[in-house]
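Welcome, and thanks for taking a look at this one with me. Please open the structure below and follow the points in turn.

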Amino acid sequence: MAVSSCPCLKLFVASSFECRSDSSSGTDQPSQGRFNSARHGTTPFLSGTGMSSLILKFPPNFVRQLSTKARRNCSNIGVAQIVAASWSNNSASGAPSAAAAAAAAAAAAASAIPAADPAEVLAGNEVAGTDSSDNKNVSGVQLEDLSSDLKYKSFLSSDGSIAVHAGERLGRGIVTDAITTPVVNTSAYFFKKTQELIDFKEKRHASYEYGRYGNPTTQVLEDKISELEGAESTLILASGMCASTVLLLALVPAGGHLVTTTDCYRKTRIFMETFLPKMGITVTVIDPADVKALESALEINKVSLFFTESPTNPYMRCVDIELVSELCHRKGALVCIDGTFATPLNQKALALGADLILHSATKFIGGHNDVLGGCISGSTKLISEIRNLHHVLGGTLNPNAAYLIIRGMKTLHLRVQQQNSTALRMAKILEEHPKVRCVYYPGLPSHREHHIAKKQMTGFGGVVSFEVDGDLFTTIKFVDALKIPYIAPSFGGCESIVDQPAIMSYWDLSRSEREKYGIKDNLVRFSFGVEDFEDLKADILQALETIESA
């Protein structure tokens with residue numbers, strides 16, 4: 001491999017540098033410029049052995065600006081030797097310098113390492129710190145225009161590995177050799193010239209333009225979730241409720257009709273029942289397992305969307321996603337599944353036929369009870385429709401929050417495996433306990449949709465709902481006797497969380513009104529964290545012993 005053919009040299013040509021003499025007088029005489037013959041010509045300090053008295057002073061991030069491939073292909077050649085060889089090759093003097101000779105020797109020793117095609121080095125995501133359009137030095141962290149053929153292609157077979165690497169290992173549009181994705185804190189993106197802005201407006205140049213329209217850190221998160229869900233595109237938003245409301249507003253037209261299920265997150269139901277009617281949108285509410293009711297609603301109304309959770313909140317009801325998708329598609333209706341309780345690891349709603357999958361990323365995906373977020377995945381066409389409205393309404397996820405969710409997803413498979421196991425084992429124990437009336441968990445054969453869950457889920461989730469054998473106050477006593485879980489309104493994190501829905505989510509309603517929603521006073525929702533199973537088991541059993549059966 002000739003020194004001049006090494007891709008590193010081509011990358012160095014456009015880089016800034018400083019040279020100073022290491023003379024005994026201690027006087028520094030810096031000379032800044034580019035590595036080209038027109039600039040340096042036959043300047044005396046470049047000829048002969050003068051290089052031995054010079055110290056090369058490179059700008060910050062100089063090494064970082066090299067592509068990984070370039071560094072690998074030139075790993076046996078010292079940076080100073082490469083620079084010396086470059087200067088020597090560009091010099092009008094025919095006599096090679098001692099440094100150039102040393103570089104040539106080093107290059108000969110490294111000849112067994114195949115040289116990368118410079119075009120290949122500069123084309124991929126591991127891009128050197130050079131802007132080929134005007135040869136201006138650029139920062140070590142930058143946004144790259146990614147062509148479709150450079151989109152992340154998974155070489156990993158398991159969801160666990162995909163959750164760790166997707167969107168980052170090969171598909172990150174940020175030039176950096178950092179393992180973790182940088183947080184790009186910016187509210188806007190600049191254009192070098194007006195012509196570049198015009199090119200952007202006419203779709204010849206890629207940019208996010210404004211913080212509400214996108215962010216490099218957020219893009220990594222969207223790509224990661226897309227890969228995990230098997231989706232063409234993903235939109236990340238500020239919260240799960242933001243995702244739900246924007247989706248409904250974007251896909252259900254004024255005067256349209258929506259079908260949903262009885263058991264669902266209360267705030268979603270409130271939005272459907274109080275806000276959508278202002279747009280003339282009507283809603284049919286059916287039991288999750290009532291297929292005939294769905295068929296009737298599809299026949300009577302021009303249904304735009306069937307929106308449901310699976311499993312549902314808080315009774316863990318399951319919808320046959322494949323069946324309802326087939327029924328809805330026959331009538332031209334879309335299907336959106338809120339899979340927050342399932343996670344992308346336990347259930348693949350898109351593969352089962354759903355058009356869209358929604359998650360509150362606050363829960364299992366983020367997994368650390370420290371960040372809010374929501375996401376919607378599906379086809380590029382549908383996500384683009386939702387994204388356009390999102391750009392108008394706002395609800396943008398902060399890049400710092402995106403970073404926290406990315407970090408949380410690194411352990412998603414480990415957390416979910418532990419939570420699946422703990423929840424199933426505890427559900428079986430609770431079902432046999434004399435002070436527990438009923439347990440709601442799709443992994444139990446006693447669950448009314450166990451056959452559906454078994455067919456479409458690979459794990460049954462980390463949340464178990466159950467009824468204590470007692471009234472409101474007996475249940476309060478049980479909850480207060482627990483020592484490990486926090487009493488809080490969320491789920492899916494590393495820490496176990498317990499709540500009594502009658503108080504946590506429905507306390508503003510009377511008992512009779514709560515019962516209309518199926519919320520009983522003695523209902524408990526327990527989200528298992530990643531604590532040791534034996535510790536959680538002992539805590540729950542001791543809490544049950546503190547109460548008296550009704």
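1. Let's start with strand S6, where Ser233, Leu235 and Leu237 point one way while Thr234 and Ile236 point the other way, and all are buried (under 20% relative accessible area, with exposed meaning over 50% and partly exposed in between, using a 1.4 Å probe and protein chains only). In a regular strand, side chains alternate between the two faces of the sheet. Strands here are DSSP runs of E with at least two residues, and helices are runs of H or I with at least four, numbered from the N terminus.

2. A word on what you are viewing: this is a predicted model, in which local features need pLDDT of at least 70 and side-chain atom pairs count only at pLDDT 80 or more, while totals for chains, interfaces and linings use all residues. Residues are numbered from 1 along each chain as its sequence is written, and side-chain values use heavy atoms, leaving out hydrogens and water.

3. How enclosed is S6? Five of its five residues are buried, so S6 is largely enclosed by the rest of the structure. Five bridges join S6 to S12, and the two run antiparallel; Ile236 has Cys375 in S12 as its bridge partner.

4. Now step back to the open sheet of seven strands, ordered S6-S12-S11-S10-S9-S7-S8 with mixed pairing (two strands pair if DSSP finds at least two bridges between them). S6 (233–237) and S8 (282–286) stand at the edges with a single partner strand each, so one side of each has no neighbour in the sheet. On average, neighbouring strands of this sheet are turned by 20° against each other, direction ignored.

5. Elsewhere in the sheet, S9 (residues 303–309) and S10 (residues 334–338) run parallel and are joined by five bridges. Glu309 stands opposite Asp338 in S10.

6. Helix H9 (residues 216–229) lies across S6, S11 (356–360) and S12 (374–378), at about 130° to S6. Helix H13 (residues 321–330) lies across S9 and S10, at about 155° to S10. Axes are lines fitted to C-alpha atoms, for helices over the stretch in contact (heavy atoms within 4.5 Å), and angles run from 0 to 180 degrees between N-to-C directions.

7. Finally, visit Asn346 in helix H14 (residues 343–346), which counts as buried at 4% relative accessibility. Its side chain makes a polar contact of 2.9 Å with that of Asn420 (a pair of N or O atoms within 3.5 Å; within protein, one must be able to donate a hydrogen and the other to accept it, and residues adjacent in sequence count only if both atoms are side-chain atoms). A polar atom of the Asn346 side chain also lies 3.0 Å from the backbone oxygen of Ala342.
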